Amino acid sequence: LIGIFDSGLGGLTAVKQIRGLMPQEDLVYFGDTGRVPYGTKSRATIIQYAKQDVAFLQSKGVDAILVACGTVSTTALSVLQKQTKIPVVGVVEPACRAAVEATKSGSIAVLGTNATIRSGAFPDLLKDMQPSLRVYEQACPLFVPLVENGVTDKDDPIARLAVERYLNRFKDTDIDTVILGCTHYPLLSQVIADLLPGVTLINTGYEAAKVLCEGRSGNGTGTARYYVSDDPEMFIAAAGRFLGQDVKGQVSYVDIGAY
Ligand code: DGL
């Protein structure tokens, strides 16, 4: 039984990947929809929330946890790993590995929330892996609200303007690989690819899901339960966009403050 959590909906992009890789695995997802976003909060608050999220998933009997949130992975992962006996996988290392493998020019851009960029976790690890890399960072705080509101179409002028605002500086450079360091951002892939043609986009949720699935047999019946800290109906309405599937009847409310 794998536990997955995110500050809200974005982690569902990782659920979709795990489903594809291991259809038989049983999953429990927690989305902290009552306290989202995490990306604008302080380090102390992010750590406090993440500890509660992990405690909740452990109370469900999970044997491994995927931190399907760029913000928590960059800000709280080592704290969570220290206090937990089961494997806790974040998105930073798998994404950095994939980026180092993908780049030919040696120039990589990292996109994320304010908290993720503040942490410096991606460039630190990329430079550890390959000191000669040139790493550029960009916080994209408008992306999460756009994705949550379904404004992701390649031809949507607002989506295009937001992508241009943050990524114009990467046009016509030798950057050939971009880490989408937030689990919401894959939904904007088409708009980003349009502005930066030929660039490899690293989907962090997908890379982390691959690492989590390594060495697992996926014995189960392929069930999924979803828990949220705000109205389940709102989650059900938006989840389809991330998951490509209806989750009606599988979502419950949890009082996360009690963990
Ligand atoms: N899930 C967060 C992340 O991947 C984005 C949303 C938030 O700021 O909480 O960084």
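Pro-37 is found in the loop between strand β2 and helix α2, the helix spanning residues 43-59. The peptide bond that leads from Val-36 into Pro-37 is cis, with omega near 0°. The model is a predicted one, and the values below should be read with that in mind.

An open sheet of 6 strands, with parallel pairing, is arranged in the order β4-β3-β1-β2-β9-β10. Its edges are taken by β4 (88-89) and β10 (251-253), and because each of these has a single partner strand, one side of each is left without a neighbour in the sheet. Within the sheet, strand β1 (residues 2-6) pairs in the parallel sense with strand β3 (residues 64-67) over 4 bridges, and Gly-3 stands opposite Ile-65 in β3. Helix α2 lies across β1, β2, β3 and β9 and runs at about 155° to β1. Helix α12 (residues 232-243) also packs on the sheet, where it touches β2, β9 and β10, and its direction makes about 140° with that of β10.

**The sheet of four strands**

Another open sheet consists of 4 strands in the order β6-β5-β7-β8, and its pairing is parallel. The edge strands here are β6 (134-139) and β8 (200-203), each of which pairs on one side only. On average, neighbouring strands of this sheet are turned by 20° against each other, direction ignored. Strand β5 (residues 107-112) is joined to β6 by 6 bridges, the two strands running parallel, and Val-110 stands opposite Glu-137 in β6. Helix α11 (residues 204-213) lies across β7 (177-180) and β8, running at about 55° to β8.

**The ligand site**

Which residues lie closest to the ligand? There are 14 residues around the ligand, and the closest are Asp-6, Ser-7, Tyr-38, Gly-70 and Thr-71.

| Residue | Protein atom | Ligand atom | Distance |
|---|---|---|---|
| Tyr-38 | polar backbone atom | oxygen | 2.7 Å |
| Gly-39 | polar backbone atom | oxygen | 2.8 Å |
| Gly-70 | backbone N or O | oxygen | 2.8 Å |

Taken alone the ligand exposes 290 Å², and the protein buries 99% of that area.

**Aromatic pairs**

A pair of aromatic rings is described by the distance of the centres and the angle of the planes. The structure holds 9 aromatic pairs, one of which is formed by Tyr-29 and Tyr-226: this pair is tilted, with 6.0 Å from centre to centre and 55° between the planes. The pair links distant parts of the chain, since Tyr-29 belongs to strand β2 (residues 27-31) and Tyr-226 to strand β9 (residues 224-228), 197 residues apart. In the order of the six-stranded sheet, β2 and β9 follow one another.

How values were computed: Residues numbered from 1 in each chain as written. Predicted model: local features only at pLDDT ≥ 70, side-chain atom pairs only at ≥ 80, totals over all residues. Heavy atoms only, no water. Pairing = 2+ DSSP bridges. Axes fitted to C-alpha atoms, helices over the stretch in contact; angles between N-to-C directions. Contact = heavy atoms within 4.5 Å. Near = heavy atom within 4 Å. Polar contact = N/O pair within 3.5 Å; in protein donor to acceptor, adjacent residues only side chain to side chain. Areas by Shrake-Rupley, 256 points an atom, 1.4 Å probe, with all protein chains shown as cover. Phe/Tyr/Trp six-rings, centres within 6.5 Å; stacked < 30°, edge-to-face > 60°.
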